[in-house]
Every structure is written in C-alpha cells, then in structure tokens.
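My notes follow, in the order I looked things up.

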Amino acid sequence: MFEDRTHPEIRDAVARLCGDFPGEYWREKDKKKEYPSEFVKALTEGGYLSVLIPEQYGGAGMDLGSACAVLEEIQRSGGNAGACHAQMYTMGTLLRHGSEAQKQQYLPAIAAGELRLQAFGVTEPSSGTDTTRIRTKAVRDGDHYLVSGQKVFISRVEYSDLMLLLVRTTPRDAVDKPTRGMSVLLVDLREAVGNGLTVRPLETMLNHATTELFFDQLRVPVENLIGEEGKGFTYILDGMNAERILIAAECIGDARWFIEKASDYAREREVFGRPIGKNQGVQFPIARAYVQTEAAAQMVIKASDLFDAEEPCGSQANMAKLLAADASWAAAEMCLQTHGGYGFAIEYDIERKFRETRLYQVAPISTNLILSNIATHVLGLPKSF
Ligand SMILES: Cc1cc2nc3c(=O)[nH]c(=O)nc-3n(C[C@H](O)[C@H](O)[C@H](O)COP(=O)(O)OP(=O)(O)OC[C@H]3O[C@@H](n4cnc5c(N)ncnc54)[C@H](O)[C@@H]3O)c2cc1C
C-alpha cells in the first residue's frame, strides 16, 4: 500500500517486536498514565535506541535513515515512540560536542542501555519559544556551577539518569548576540533530584511523562559542561535537525497507521446497503491523506539523506517536520471521521493516536515557527521578531 520500503530488515524486525505490544497494551498505559517500561526495555535490549551511537562507543553506528525507519515502524504499529525517542538523539550533542573523556564515560553505557539520557531541558514558562530569553542560569562557584531557575514540559525526567540542560551562563544583555552566552550542562539526575532539583509531574492530554523542573542552587560539576561555555545554543540547534527529522518519520508512521485503519474500516463497514468506502465522500479524504503522506515521506527521506551526507539540512528538516506533522494530523482527522461514532470509542485506539499525533503541530517546534524560519531564512522576507 505504501511506497516507501527503505531498510526492510529494520522495519520487519521492529514490526515483529511491536507485535508483542498491541493496542490493549498502549490503551492500558494511557488509561493509567503509566510509563511503557516493558516496551522501552524490549527496544533497548533489541539495540534499537542506540542505532545512532558509533560502533567505537558500542552502538550500531547506523545512519539517520535507519533510525527513521525504527521510529516510523513503532508509530505505524499503533505504538508511541515518544516515551523513549530522545534516548536515540539526545546523545548527539554529547557525541558532536563533548570531550573524548565525556564520550568514553557516557556513550558506551548509554549504548548498553545501562544509562538513560532521554531528558532534554530547554522550554521555560516565561520564555516559551523565544529560547534566547531563558532565565535558568548557571553561575560558576569554584569547580561547580550553581543552577537556579525553572523549566516546563520537560519529558521523561523521571525515567532518565541524565539530562541535557540549556542554561544562561552570561546574561542576555551582556553578550553581542542574544544566541550567545548560553551553555549546555549534563545533569546527573540520580544525584540532582532532592539536592537542588525538584521534579513535579505535569499531566497533559497524552501520556508523555512530562514534568516541571525547579532548580534551587543545584550544584553541577564544571566537568559536566558540554563543549565551550557560551556556545550552547549552537550545540542545541545542531541536535534539533536530527530531532525534527526523526519526529517527522514518526508522523509518517502515524499517518500510515491512520490511513490503513480507515481504509480497512471503509471497506468493511456497511451502511445504506453498501460499504461506506464506496462513497466518494468517504474515499476521497482517505486518498487525499495518502497522497499528502507519500509526498511528506519524500521530504523526510530527502532531509535524512542530506543529514547523513553531512550537508546543511536545516530548512529541509523543518519542511519535513511541518509536512509530516500536517499529514499525520490530516490523516488523524480523516480516520476519526471515517469511523463515525466508533472513532471516539477508546477500544479502537483512534482517539488515543489522535491526541498523540496532535502534539507534533506544537512540539518540538510549532508550525508557525517553522514557517517563520522558511520565510526569513529561505525566502529573505523581513524578520517579524
Ligand atoms: C507533551 C509535551 C512534551 C514536551 N517535551 C519537551 C521536552 O522534553 N523538552 C523541552 O524543552 N520542551 C518540551 N516541550 C515544550 C515544547 O517544545 C513547547 O511547548 C513548544 O516549543 C512551544 O512553546 P510554548 O508552549 O512555550 O509556546 P509559546 O512560545 O508560548 O507559543 C504559543 C503559540 O504561539 C505561537 N507563536 C509564538 N510566537 C510566535 C511568533 N513570533 N510568530 C508566530 N507564532 C508564534 C506558537 O507557534 C504557539 O502556537 C513539550 C511540550 C509538550 C506539550
């Protein structure tokens, strides 16, 4: 049905693994707002969360296209990789900008699944999307930084051993460009929680293990600074291309799940003495969602190919994310409509996937901010902010 069969061995193996975690599993987790530990354990043991870690550090050393195939298949099976996808890419900042000693210390343990680095703290209540206005600051005190401030919507902190944290080390008005003066710290959550870091779960419309974080003079060793002080924003931006492409692949997986589910239902459900799928009013939205998804999938492939060739891919990553998130949301809307009242029944999994895929219009970057980036950086239109 779908044209894209890149990395067939990976897709088949992930699909088999996901077969052990059917709709009932995800429904139960969603209902109880529980972390899908069994699923994450199986993925970890299968080596799928360390595919991007180079072989010299114990990972599979695969490319981004392979990682996209893993995440797409999870979503396509009806699951939700949001519980652990960051374990795949958050380490990228450490890999690209960390010292050799930091890489030796952490990457093999991350690759082995002994250490979880799947929390990434950027968003704050007062700055929102305007990252250069973050207020969480780190002040040098001997061989430590003292971190104070607040973060919001930080996912998976309770299920992570380490967190990458973006902080201000020089005030915004003391640097020549607002993007300067921010730094990335690797926070050891096992030591930090209760010793300057308070974690408060934040319930959202989907089961995403999201939290609010409160820092009160948290001591972080200076040796946990990634790269150079003041250059953290560039490091974070670097990692965002991989994140956007991988999440775009998840959206393609979601869209394909919705399209398949709707097509099956439209063939089987009979009203007025014929399958509902015989009505063009039902057929056409399914066909349109398919067309939209296949087109978006091509942009995801293009962006990941550029990434893997180490070519600039910022706008392609943004476009892939926007098109794929739009395709998955359109497919979700179509699938729910195709199912009529049954689309709202929890046992069909559609309403859960509908809520889950809606996130990607907002996070990790909202559609408006992508459009703004394309308008000003690609098309040369005047900046609005
Ligand atoms: C479930 C969940 C999990 C998350 N996980 C993480 C995480 O692990 N780590 C992390 O750091 N963050 C995380 N986030 C935060 C997420 O990245 C932000 O919510 C998102 O970037 C938007 O920021 P905001 O909510 O502050 O919206 P705001 O910045 O307040 O924006 C609100 C709306 O206004 C629009 N807007 C704002 N400024 C402009 C403009 N100049 N032009 C046009 N439109 C504009 C935005 O597009 C948005 O639609 C998560 C969020 C959710 C909901």
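**Helix H9 and its neighbours**

I began with handedness, and H9 passes H11 in a left-handed crossing. A crossing is left-handed if the near helix is turned anticlockwise from the far one by less than a right angle, and right-handed if clockwise. I am working from a predicted model, where local features need pLDDT of at least 70, side-chain atom pairs count only at pLDDT 80 or more, and totals for chains, interfaces and linings use all residues. My residue numbers start from 1 along each chain as its sequence is written. Helices (H or I, at least four residues) and strands (E, at least two) are DSSP runs, numbered from the N terminus.

Next I looked up the geometry of this pair. The axes of helix H9 (residues 232-268) and helix H11 (residues 314-338) come within 8 Å and cross at roughly 20°. Axes here are lines fitted to C-alpha atoms, for helices over the stretch in contact, with angles from 0 to 180 degrees between N-to-C directions. H9 and H11 are therefore roughly parallel to each other. Angles under 35 degrees count as roughly parallel, over 145 as roughly antiparallel, 65 to 115 as roughly perpendicular and the rest as oblique. I noted 20 nonpolar, five polar and four charged residues in the contact of H9 with H11. In this sorting Ala, Val, Leu, Ile, Met, Phe, Trp, Tyr, Cys and Pro are nonpolar, Asp, Glu, Lys and Arg are charged, and the others, Gly among them, are polar.

How does H9 run relative to H10, roughly parallel or roughly antiparallel? The axes of H9 and helix H10 (residues 280-308) come within 9 Å and cross at roughly 155°. That makes H9 roughly antiparallel to H10. This crossing, H9 over H10, is left-handed. On the H9 side I found residues including Ile-245, Ala-248, Ile-252 and Ala-255, and on the H10 side residues including Ala-289, Thr-293, Ala-296 and Val-300. Two residues are in contact if their C-beta atoms, placed from the backbone, lie within 7 Å. The H9 and H10 contact divides into 18 nonpolar residues, four polar and one charged.

**The core**

Which residues of the largest nonpolar core touch the most other members? Of its 116 residues, they are Ala-67, Leu-185, Ile-245, Leu-246, Val-300, Ala-320 and Ala-324. H9 gives the most to this core, with 19 residues. A nonpolar core is a set of buried Ala, Val, Leu, Ile, Met, Phe, Trp, Tyr and Cys residues joined through C-beta atoms within 7 Å. Buried means 20 or more other C-beta atoms within 10 Å of the residue's own, exposed means 12 or fewer, and partly exposed is in between, with C-beta atoms placed from the backbone. I followed up Ala-324: leaving aside its neighbours within four places in sequence, Ala-324 is in contact with Ala-248, Cys-251, Ile-252, Ala-296 and Val-300.

Gln-316 is found in helix H11, and Gln-316 is buried, with 22 other C-beta atoms within 10 Å. Not counting residues up to four places away in sequence, Gln-316 touches Met-299, Lys-302, Ala-303 and Leu-306.

Asn-318 is also placed in H11 and is buried, with 27 other C-beta atoms within 10 Å. With the residues up to four places away left out, Asn-318 touches Arg-244, Ile-370, Asn-373 and Ile-374. Its C-alpha atom is separated by 9.5 Å from that of Met-240, 78 residues apart along the chain.

In helix H12 (residues 350-358) I listed Ile-350, Arg-352, Lys-353, Phe-354, Glu-356 and Thr-357 as buried. Their cover includes helix H2 (23-32), H9 and H11.

Most residues other than glycine have a negative phi, and most peptide bonds are trans. The bond from Ala-363 to Pro-364 is cis, with omega near -5°, and Pro-364 is found in the loop between H12 and helix H13 (367-378).

Lys-33 has a positive phi of about 55° although it is not a glycine. I found Lys-33 in the loop between H2 and helix H3 (37-45), partly exposed with 13 C-beta neighbours inside 10 Å. Ala-209 has a positive phi of about 50° and lies in the loop between strand E6 (197-201) and strand E7 (210-221). Ala-209 counts as buried, with 24 C-beta neighbours inside 10 Å.
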